[in-house]
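Please look at the sequence and the structure shown here before reading on. The briefing that follows takes up a few local features, one topic at a time.

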Amino acid sequence: MKEQIRDLLSKHGTLPVAVSDIADDADLYAAGLSSFASVQLMLGLEEAFDIEFPDHLLNRKSFSSIQAIEDTLKVILEEEAA
Amino acid sequence: MDMQVSYLDRLFDAGILMDMGVDGLYARSGLFEDVVSGIEAMVSRVGRADGAETMRFPPGMYMKHFEKSGYMGNFPQLAGTIHSFCGCEADHMSLIQCLQAGEDWTKDQKATDLAYTPAACYPLYPIVAARGELPVEGGVYDIESYCFRHEPSKDPARQQLFRQREFVWMGKAENVQGFRQKWMDRAQAIMTELQLPHEIEVANDPFFGRAGRMMKNTQREQTLKFELVIPITSTSNPTACCSFNYHTDKFGQTFGLKTADGEVAHTGCVGFGLERITLALFHHHGLDAKLWPEGVRKALWG
(Lines give C-alpha, C1' and ligand atoms only; values in the text may rest on other atoms or scores of the structure.)
Protein backbone atom coordinates (compact mmCIF):
# COMPACT_ATOMS: atom_id res chain seq x y z
CA MET A 1 0.00 0.00 0.00
CA LYS A 2 2.85 2.37 0.86
CA GLU A 3 4.32 1.98 -2.63
CA GLN A 4 1.03 2.95 -4.20
CA ILE A 5 0.79 5.94 -1.86
CA ARG A 6 4.32 6.95 -2.84
CA ASP A 7 3.43 6.73 -6.53
CA LEU A 8 0.39 8.95 -6.04
CA LEU A 9 2.37 11.36 -3.87
CA SER A 10 4.93 11.58 -6.62
CA LYS A 11 2.20 12.26 -9.19
CA HIS A 12 0.09 14.76 -7.22
CA GLY A 13 2.29 16.08 -4.43
CA THR A 14 4.40 18.52 -6.51
CA LEU A 15 7.08 18.21 -3.83
CA PRO A 16 10.45 19.91 -4.27
CA VAL A 17 12.20 16.67 -3.16
CA ALA A 18 12.09 13.11 -4.51
CA VAL A 19 9.41 11.01 -2.83
CA SER A 20 11.95 8.18 -2.47
CA ASP A 21 13.95 10.45 -0.13
CA ILE A 22 11.00 10.92 2.22
CA ALA A 23 10.73 8.62 5.22
CA ASP A 24 7.39 7.00 6.02
CA ASP A 25 6.96 9.11 9.14
CA ALA A 26 8.36 12.38 7.75
CA ASP A 27 6.12 15.47 7.85
CA LEU A 28 4.85 15.95 4.30
CA TYR A 29 3.82 19.57 4.92
CA ALA A 30 7.35 20.35 6.09
CA ALA A 31 8.55 18.63 2.89
CA GLY A 32 6.49 21.12 0.86
CA LEU A 33 3.04 19.55 0.42
CA SER A 34 0.65 22.45 -0.25
CA SER A 35 -3.06 22.51 0.62
CA PHE A 36 -3.93 22.36 -3.06
CA ALA A 37 -1.60 19.40 -3.68
CA SER A 38 -3.05 17.54 -0.69
CA VAL A 39 -6.52 17.93 -2.22
CA GLN A 40 -5.22 16.54 -5.54
CA LEU A 41 -3.60 13.68 -3.62
CA MET A 42 -6.86 12.99 -1.78
CA LEU A 43 -8.78 12.79 -5.08
CA GLY A 44 -6.03 10.53 -6.53
CA LEU A 45 -6.24 8.20 -3.53
CA GLU A 46 -10.03 8.02 -3.81
CA GLU A 47 -9.76 6.96 -7.44
CA ALA A 48 -6.92 4.48 -6.93
CA PHE A 49 -8.46 2.74 -3.91
CA ASP A 50 -12.09 3.21 -4.99
CA ILE A 51 -13.01 4.84 -1.71
CA GLU A 52 -14.53 8.09 -0.50
CA PHE A 53 -12.93 10.06 2.32
CA PRO A 54 -15.59 10.78 4.96
CA ASP A 55 -15.76 14.39 6.13
CA HIS A 56 -14.20 13.64 9.51
CA LEU A 57 -11.02 12.37 7.84
CA LEU A 58 -10.74 15.25 5.38
CA ASN A 59 -8.18 17.10 7.45
CA ARG A 60 -4.53 18.00 7.54
CA LYS A 61 -3.61 15.19 9.92
CA SER A 62 -4.79 12.48 7.49
CA PHE A 63 -2.17 13.58 4.94
CA SER A 64 0.62 14.56 7.31
CA SER A 65 2.92 11.61 6.44
CA ILE A 66 3.00 8.50 4.27
CA GLN A 67 2.32 6.46 7.40
CA ALA A 68 -0.64 8.71 8.33
CA ILE A 69 -2.09 8.30 4.85
CA GLU A 70 -1.82 4.52 5.10
CA ASP A 71 -3.44 4.55 8.55
CA THR A 72 -6.26 6.74 7.23
CA LEU A 73 -6.81 4.51 4.20
CA LYS A 74 -6.99 1.43 6.44
CA VAL A 75 -9.62 3.11 8.63
CA ILE A 76 -11.68 4.00 5.55
CA LEU A 77 -11.36 0.52 4.03
CA GLU A 78 -12.39 -1.05 7.34
CA GLU A 79 -15.32 1.35 7.70
CA GLU A 80 -16.44 0.63 4.15
CA ALA A 81 -16.09 -3.15 4.65
CA ALA A 82 -18.14 -3.06 7.85
CA MET B 1 -35.54 33.16 6.15
CA ASP B 2 -38.65 35.02 7.35
CA MET B 3 -36.54 37.26 9.53
CA GLN B 4 -34.31 38.01 6.53
CA VAL B 5 -37.26 38.83 4.30
CA SER B 6 -38.91 41.00 6.90
CA TYR B 7 -35.71 42.98 7.54
CA LEU B 8 -35.26 43.48 3.79
CA ASP B 9 -38.90 44.59 3.48
CA ARG B 10 -38.49 47.02 6.36
CA LEU B 11 -35.38 48.48 4.71
CA PHE B 12 -37.32 48.88 1.44
CA ASP B 13 -40.31 50.41 3.24
CA ALA B 14 -38.05 52.90 5.03
CA GLY B 15 -36.34 53.79 1.73
CA ILE B 16 -32.92 52.83 3.13
CA LEU B 17 -32.38 50.27 0.38
CA MET B 18 -34.19 50.25 -2.97
CA ASP B 19 -35.14 47.18 -4.96
CA MET B 20 -33.32 46.89 -8.29
CA GLY B 21 -35.22 43.81 -9.46
CA VAL B 22 -32.69 41.13 -8.47
CA ASP B 23 -32.02 39.58 -5.07
CA GLY B 24 -28.77 40.91 -3.68
CA LEU B 25 -28.61 44.06 -5.85
CA TYR B 26 -29.88 47.21 -4.15
CA ALA B 27 -29.66 50.96 -4.46
CA ARG B 28 -28.53 52.71 -1.27
CA SER B 29 -30.12 55.84 0.17
CA GLY B 30 -28.21 58.95 1.22
CA LEU B 31 -28.64 57.93 4.85
CA PHE B 32 -27.22 54.46 4.16
CA GLU B 33 -24.20 56.05 2.49
CA ASP B 34 -23.77 58.51 5.40
CA VAL B 35 -23.44 55.50 7.71
CA VAL B 36 -20.99 53.82 5.34
CA SER B 37 -18.92 57.04 5.26
CA GLY B 38 -18.98 57.16 9.06
CA ILE B 39 -17.66 53.61 9.33
CA GLU B 40 -14.98 54.34 6.72
CA ALA B 41 -13.88 57.39 8.71
CA MET B 42 -13.66 55.35 11.93
CA VAL B 43 -11.55 52.70 10.21
CA SER B 44 -9.34 55.41 8.71
CA ARG B 45 -8.79 57.04 12.11
CA VAL B 46 -7.76 53.74 13.66
CA GLY B 47 -5.55 52.67 10.75
CA ARG B 48 -3.85 56.00 10.13
CA ALA B 49 -1.06 55.22 12.59
CA ASP B 50 0.22 52.39 10.36
CA GLY B 51 1.15 54.73 7.51
CA ALA B 52 -0.65 52.61 4.94
CA GLU B 53 -0.55 53.49 1.26
CA THR B 54 -4.09 54.19 0.02
CA MET B 55 -5.54 52.73 -3.19
CA ARG B 56 -9.13 52.56 -4.43
CA PHE B 57 -10.13 50.05 -7.08
CA PRO B 58 -12.90 49.85 -9.66
CA PRO B 59 -15.06 46.72 -9.28
CA GLY B 60 -13.27 44.87 -12.08
CA MET B 61 -9.81 43.38 -12.45
CA TYR B 62 -7.65 42.08 -15.31
CA MET B 63 -8.73 38.57 -16.31
CA LYS B 64 -5.14 37.28 -16.41
CA HIS B 65 -4.59 38.37 -12.80
CA PHE B 66 -7.94 36.86 -11.84
CA GLU B 67 -6.96 33.55 -13.46
CA LYS B 68 -3.58 33.60 -11.74
CA SER B 69 -5.15 34.20 -8.33
CA GLY B 70 -6.58 30.67 -8.26
CA TYR B 71 -10.09 31.93 -7.49
CA MET B 72 -11.69 29.59 -10.06
CA GLY B 73 -10.02 26.63 -8.35
CA ASN B 74 -11.54 27.44 -4.99
CA PHE B 75 -14.74 29.43 -5.53
CA PRO B 76 -16.00 28.92 -9.11
CA GLN B 77 -19.60 29.20 -7.89
CA LEU B 78 -19.09 32.80 -6.69
CA ALA B 79 -17.05 34.23 -9.56
CA GLY B 80 -18.27 36.71 -12.14
CA THR B 81 -16.62 37.31 -15.49
CA ILE B 82 -17.52 40.17 -17.81
CA HIS B 83 -18.69 39.29 -21.32
CA SER B 84 -19.46 41.52 -24.28
CA PHE B 85 -20.72 41.45 -27.83
CA CYS B 86 -17.76 41.02 -30.19
CA GLY B 87 -19.52 39.97 -33.40
CA CYS B 88 -20.16 41.42 -36.84
CA GLU B 89 -23.34 43.06 -38.19
CA ALA B 90 -24.91 39.69 -39.02
CA ASP B 91 -24.26 38.54 -35.48
CA HIS B 92 -25.87 41.75 -34.26
CA MET B 93 -28.98 41.01 -36.32
CA SER B 94 -29.29 37.53 -34.84
CA LEU B 95 -28.77 39.00 -31.36
CA ILE B 96 -31.63 41.45 -31.94
CA GLN B 97 -33.83 38.63 -33.23
CA CYS B 98 -33.07 36.56 -30.14
CA LEU B 99 -33.91 39.52 -27.91
CA GLN B 100 -37.18 40.17 -29.72
CA ALA B 101 -38.14 36.50 -29.57
CA GLY B 102 -37.33 36.39 -25.87
CA GLU B 103 -34.64 33.76 -26.49
CA ASP B 104 -31.21 33.49 -24.87
CA TRP B 105 -29.15 36.24 -26.53
CA THR B 106 -26.20 35.87 -24.13
CA LYS B 107 -24.85 32.55 -25.46
CA ASP B 108 -22.68 34.24 -28.12
CA GLN B 109 -21.27 36.89 -25.78
CA LYS B 110 -17.49 36.64 -25.53
CA ALA B 111 -15.34 36.96 -22.44
CA THR B 112 -13.56 40.31 -22.14
CA ASP B 113 -10.27 40.97 -20.38
CA LEU B 114 -12.17 41.77 -17.20
CA ALA B 115 -13.52 39.79 -14.29
CA TYR B 116 -15.45 41.18 -11.36
CA THR B 117 -13.23 41.71 -8.35
CA PRO B 118 -14.06 38.88 -5.93
CA ALA B 119 -12.24 40.36 -2.91
CA ALA B 120 -10.83 43.85 -2.52
CA CYS B 121 -7.21 42.76 -2.10
CA TYR B 122 -6.95 40.69 -5.30
CA PRO B 123 -6.06 43.59 -7.64
CA LEU B 124 -3.44 44.83 -5.17
CA TYR B 125 -0.96 41.95 -5.38
CA PRO B 126 0.03 42.33 -9.07
CA ILE B 127 0.43 46.11 -8.61
CA VAL B 128 2.80 45.68 -5.66
CA ALA B 129 4.66 42.75 -7.27
CA ALA B 130 5.36 44.86 -10.38
CA ARG B 131 7.23 47.38 -8.23
CA GLY B 132 9.87 44.84 -7.21
CA GLU B 133 10.91 43.93 -3.67
CA LEU B 134 8.97 45.25 -0.72
CA PRO B 135 10.46 47.90 1.57
CA VAL B 136 12.52 46.54 4.50
CA GLU B 137 9.65 47.13 6.93
CA GLY B 138 7.17 45.38 4.58
CA GLY B 139 4.12 46.94 2.94
CA VAL B 140 0.83 48.16 4.41
CA TYR B 141 -2.05 49.13 2.13
CA ASP B 142 -5.43 50.76 2.77
CA ILE B 143 -7.74 49.61 -0.02
CA GLU B 144 -11.41 49.50 -0.93
CA SER B 145 -13.41 48.02 -3.75
CA TYR B 146 -16.87 46.98 -4.76
CA CYS B 147 -16.75 43.17 -4.96
CA PHE B 148 -18.98 40.67 -6.74
CA ARG B 149 -20.12 37.28 -5.54
CA HIS B 150 -22.77 35.28 -7.32
CA GLU B 151 -24.98 34.29 -4.43
CA PRO B 152 -28.45 35.80 -4.85
CA SER B 153 -30.29 35.85 -1.52
CA LYS B 154 -33.18 37.52 0.28
CA ASP B 155 -30.79 38.21 3.14
CA PRO B 156 -29.88 41.90 2.82
CA ALA B 157 -26.56 41.07 4.48
CA ARG B 158 -25.67 38.78 1.56
CA GLN B 159 -25.49 41.06 -1.45
CA GLN B 160 -24.05 40.30 -4.86
CA LEU B 161 -22.26 43.64 -5.18
CA PHE B 162 -20.90 45.11 -1.98
CA ARG B 163 -17.92 47.05 -0.64
CA GLN B 164 -14.94 45.71 1.25
CA ARG B 165 -12.60 48.08 3.04
CA GLU B 166 -9.33 46.33 3.74
CA PHE B 167 -5.93 46.78 5.25
CA VAL B 168 -3.40 44.44 3.69
CA TRP B 169 0.08 43.64 4.99
CA MET B 170 2.97 42.05 3.17
CA GLY B 171 6.31 41.04 4.54
CA LYS B 172 7.78 38.53 6.97
CA ALA B 173 5.46 35.90 8.45
CA GLU B 174 5.82 37.07 12.06
CA ASN B 175 5.01 40.70 11.21
CA VAL B 176 1.94 39.71 9.20
CA GLN B 177 0.57 37.63 12.09
CA GLY B 178 1.21 40.52 14.49
CA PHE B 179 -0.77 42.88 12.26
CA ARG B 180 -3.66 40.47 12.19
CA GLN B 181 -3.83 40.32 15.99
CA LYS B 182 -3.61 44.11 16.22
CA TRP B 183 -6.54 44.52 13.84
CA MET B 184 -8.62 41.91 15.66
CA ASP B 185 -8.30 44.11 18.77
CA ARG B 186 -8.97 47.30 16.79
CA ALA B 187 -12.06 45.93 15.05
CA GLN B 188 -13.53 44.80 18.37
CA ALA B 189 -12.93 48.28 19.81
CA ILE B 190 -14.75 49.82 16.81
CA MET B 191 -17.76 47.51 17.29
CA THR B 192 -17.83 48.28 21.03
CA GLU B 193 -17.87 51.99 20.21
CA LEU B 194 -20.74 51.34 17.78
CA GLN B 195 -22.53 49.41 20.57
CA LEU B 196 -22.89 46.31 18.41
CA PRO B 197 -22.84 42.84 20.04
CA HIS B 198 -20.01 40.87 18.48
CA GLU B 199 -17.79 37.82 18.78
CA ILE B 200 -14.63 36.62 17.10
CA GLU B 201 -14.79 33.11 15.65
CA VAL B 202 -12.49 30.77 13.77
CA ALA B 203 -13.84 30.63 10.22
CA ASN B 204 -13.35 29.22 6.76
CA ASP B 205 -13.93 30.44 3.24
CA PRO B 206 -16.76 28.87 1.17
CA PHE B 207 -14.53 26.54 -0.86
CA PHE B 208 -16.37 24.62 -3.59
CA GLY B 209 -17.19 20.92 -3.61
CA ARG B 210 -15.72 17.93 -1.76
CA ALA B 211 -12.16 19.06 -2.33
CA GLY B 212 -13.33 22.33 -0.79
CA ARG B 213 -14.41 20.42 2.30
CA MET B 214 -10.80 19.53 2.89
CA MET B 215 -9.67 23.10 2.25
CA LYS B 216 -12.22 24.33 4.80
CA ASN B 217 -11.02 21.84 7.43
CA THR B 218 -7.39 22.69 6.74
CA GLN B 219 -8.05 26.43 6.95
CA ARG B 220 -9.75 25.98 10.31
CA GLU B 221 -7.07 23.66 11.69
CA GLN B 222 -4.42 26.25 10.86
CA THR B 223 -6.62 29.13 12.13
CA LEU B 224 -5.86 31.06 8.96
CA LYS B 225 -9.18 32.90 9.11
CA PHE B 226 -11.10 34.58 11.90
CA GLU B 227 -14.36 36.47 11.56
CA LEU B 228 -16.01 39.08 13.69
CA VAL B 229 -19.67 38.12 13.69
CA ILE B 230 -22.72 40.21 14.59
CA PRO B 231 -26.31 38.91 14.73
CA ILE B 232 -28.28 40.69 11.97
CA THR B 233 -30.91 38.48 10.35
CA SER B 234 -30.28 35.47 12.61
CA THR B 235 -29.13 35.10 16.19
CA SER B 236 -28.15 31.44 15.76
CA ASN B 237 -26.16 32.15 12.62
CA PRO B 238 -24.66 35.63 13.06
CA THR B 239 -23.23 37.50 10.08
CA ALA B 240 -19.51 37.88 9.44
CA CYS B 241 -18.88 41.64 9.34
CA CYS B 242 -15.08 41.60 9.43
CA SER B 243 -12.56 38.93 8.53
CA PHE B 244 -8.92 38.57 9.55
CA ASN B 245 -6.93 36.48 7.16
CA TYR B 246 -3.43 35.07 7.08
CA HIS B 247 -2.69 33.86 3.54
CA THR B 248 0.74 32.43 4.44
CA ASP B 249 2.90 32.73 1.31
CA LYS B 250 0.05 31.81 -1.10
CA PHE B 251 -0.24 35.22 -2.77
CA GLY B 252 3.49 35.79 -2.39
CA GLN B 253 4.15 32.62 -4.42
CA THR B 254 1.31 33.26 -6.88
CA PHE B 255 2.17 36.84 -7.75
CA GLY B 256 5.91 36.85 -7.02
CA LEU B 257 5.87 39.16 -3.97
CA LYS B 258 9.32 39.38 -2.42
CA THR B 259 10.60 40.81 0.85
CA ALA B 260 13.57 43.20 0.85
CA ASP B 261 15.92 40.26 1.39
CA GLY B 262 14.48 38.31 -1.53
CA GLU B 263 12.30 35.84 0.40
CA VAL B 264 8.75 35.04 -0.71
CA ALA B 265 6.53 37.50 1.16
CA HIS B 266 3.73 36.41 3.45
CA THR B 267 0.49 38.38 3.30
CA GLY B 268 -2.57 38.97 5.41
CA CYS B 269 -5.57 41.25 5.45
CA VAL B 270 -8.43 42.54 7.52
CA GLY B 271 -11.67 43.19 5.67
CA PHE B 272 -14.59 45.32 6.83
CA GLY B 273 -17.91 44.51 5.16
CA LEU B 274 -19.23 48.06 4.91
CA GLU B 275 -22.80 47.13 3.94
CA ARG B 276 -22.98 44.46 6.63
CA ILE B 277 -21.79 46.74 9.43
CA THR B 278 -24.24 49.40 8.22
CA LEU B 279 -27.07 46.84 8.21
CA ALA B 280 -26.04 45.73 11.71
CA LEU B 281 -26.33 49.32 12.92
CA PHE B 282 -29.83 49.74 11.42
CA HIS B 283 -30.88 46.38 12.86
CA HIS B 284 -29.63 47.02 16.40
CA HIS B 285 -30.29 50.75 16.75
CA GLY B 286 -33.40 51.16 14.56
CA LEU B 287 -34.16 52.48 11.10
CA ASP B 288 -34.26 56.12 12.24
CA ALA B 289 -30.62 57.12 12.66
CA LYS B 290 -31.63 60.32 14.48
CA LEU B 291 -32.72 58.10 17.37
CA TRP B 292 -29.47 56.12 17.56
CA PRO B 293 -27.53 56.33 20.86
CA GLU B 294 -25.58 59.57 21.12
CA GLY B 295 -22.28 57.68 21.52
CA VAL B 296 -22.86 55.78 18.28
CA ARG B 297 -23.74 58.95 16.35
CA LYS B 298 -20.68 60.68 17.74
CA ALA B 299 -18.41 57.75 16.81
CA LEU B 300 -19.72 57.81 13.24
CA TRP B 301 -20.08 61.50 12.56
CA GLY B 302 -18.25 63.39 15.32
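This is a predicted model: local features need pLDDT of at least 70, side-chain atom pairs count only at pLDDT 80 or more; totals for chains, interfaces and linings use all residues.

**Two packed helices**

- Two packed helices are described by the angle between their axes and the distance between the axes.
- In chain B, helix α2 (residues 30-47) packs against helix α11 (residues 294-301) at an angle of about 70°, and their axes are 7 Å apart.
- Because angles of 65 to 115 degrees count as roughly perpendicular, α2(B) and α11(B) are described as roughly perpendicular to each other.
- On the side of α2(B), the contact is made by B:Asp34, B:Val35, B:Gly38, B:Ile39, B:Met42 and B:Arg45, while α11(B) contributes B:Ala299, B:Leu300 and B:Trp301.
- Sorted by class, the residues in this contact of α2(B) with α11(B) are six nonpolar, one polar and two charged.

**Aromatic pairs and a cluster**

- Over all chains, the count of aromatic pairs comes to 17.
- One of these pairs is B:Phe12 with B:Tyr26, whose ring centres are 5.7 Å apart and whose planes stand at 65°, so the pair is edge-to-face.
- B:Phe12 belongs to helix α1 (residues 2-13) of chain B and B:Tyr26 to strand β2 (residues 25-28) of chain B, so the pair ties together parts that are 14 residues apart in sequence.
- B:Phe12 has a relative accessible area of 22% and is therefore partly exposed, whereas B:Tyr26, with a relative accessible area of 3%, is buried.
- Another pair is formed by B:Tyr71 and B:Phe75, which have their ring centres 4.9 Å apart and their planes at 45°, so this pair is tilted.
- Both B:Tyr71 and B:Phe75 are buried, and they also take part in one aromatic cluster together with B:Phe66, B:Tyr122, B:Tyr125, B:Phe207, B:Phe251 and B:Phe255.

**Charges over rings**

- In chain A, A:Arg60 lies over the face of A:Tyr29, at 3.8 Å from the ring centre.
- In chain B, B:Arg186 lies over the face of B:Trp183, at 4.7 Å from the ring centre.

- B:Ile277 is placed in helix α10 (residues 274-285) of chain B, and because its relative accessibility is 0%, B:Ile277 counts as buried.
- Leaving aside residues up to four places away in sequence, B:Ile277 touches B:Ile39, B:Met191, B:Leu194, B:Leu196, B:Cys241, B:Cys242 and B:Phe272.
- One residue in that list, B:Ile39, also belongs to the contact that α2(B) makes with α11(B).
- From C-alpha to C-alpha, B:Ile277 and B:Pro156 are 12 Å apart in space, although 121 residues separate them in sequence.

**Positive phi angles in two loops**

- B:Gln195 is not a glycine, yet this residue has a positive phi of about 55°.
- B:Gln195 sits in the loop between α7 (173-193) and β9 (199-202) of chain B, and with a relative accessibility of 40% B:Gln195 counts as partly exposed.
- B:Thr248, likewise a residue other than glycine, has a positive phi near 50°.
- The loop that holds B:Thr248 runs between β11 (239-246) and α9 (250-255) of chain B, and at 24% relative accessibility B:Thr248 counts as partly exposed.

Methods. Residues are numbered from 1 along each chain as its sequence is written. Chains are lettered from A and ligands numbered from 1 in the order in which they are written. Side-chain values use heavy atoms; hydrogens and water are left out. Axes are lines fitted to C-alpha atoms, for helices over the stretch in contact, and angles run from 0 to 180 degrees between N-to-C directions. Helices (H or I, at least four residues) and strands (E, at least two) are DSSP runs, numbered from the N terminus. Angles under 35 degrees count as roughly parallel, over 145 as roughly antiparallel, 65 to 115 as roughly perpendicular and the rest as oblique. Contact means heavy atoms within 4.5 Å. Ala, Val, Leu, Ile, Met, Phe, Trp, Tyr, Cys and Pro count as nonpolar, Asp, Glu, Lys and Arg as charged, and the others, Gly among them, as polar. Rings of Phe, Tyr and Trp (its six-membered ring) pair if their centres lie within 6.5 Å; planes under 30 degrees apart count as stacked, over 60 as edge-to-face and the rest as tilted. Buried means under 20% relative accessible area, exposed over 50%, partly exposed in between (1.4 Å probe, protein chains only). A charge sits over a ring if NZ of Lys or CZ of Arg is within 6 Å of the ring centre and within 35 degrees of the ring normal.
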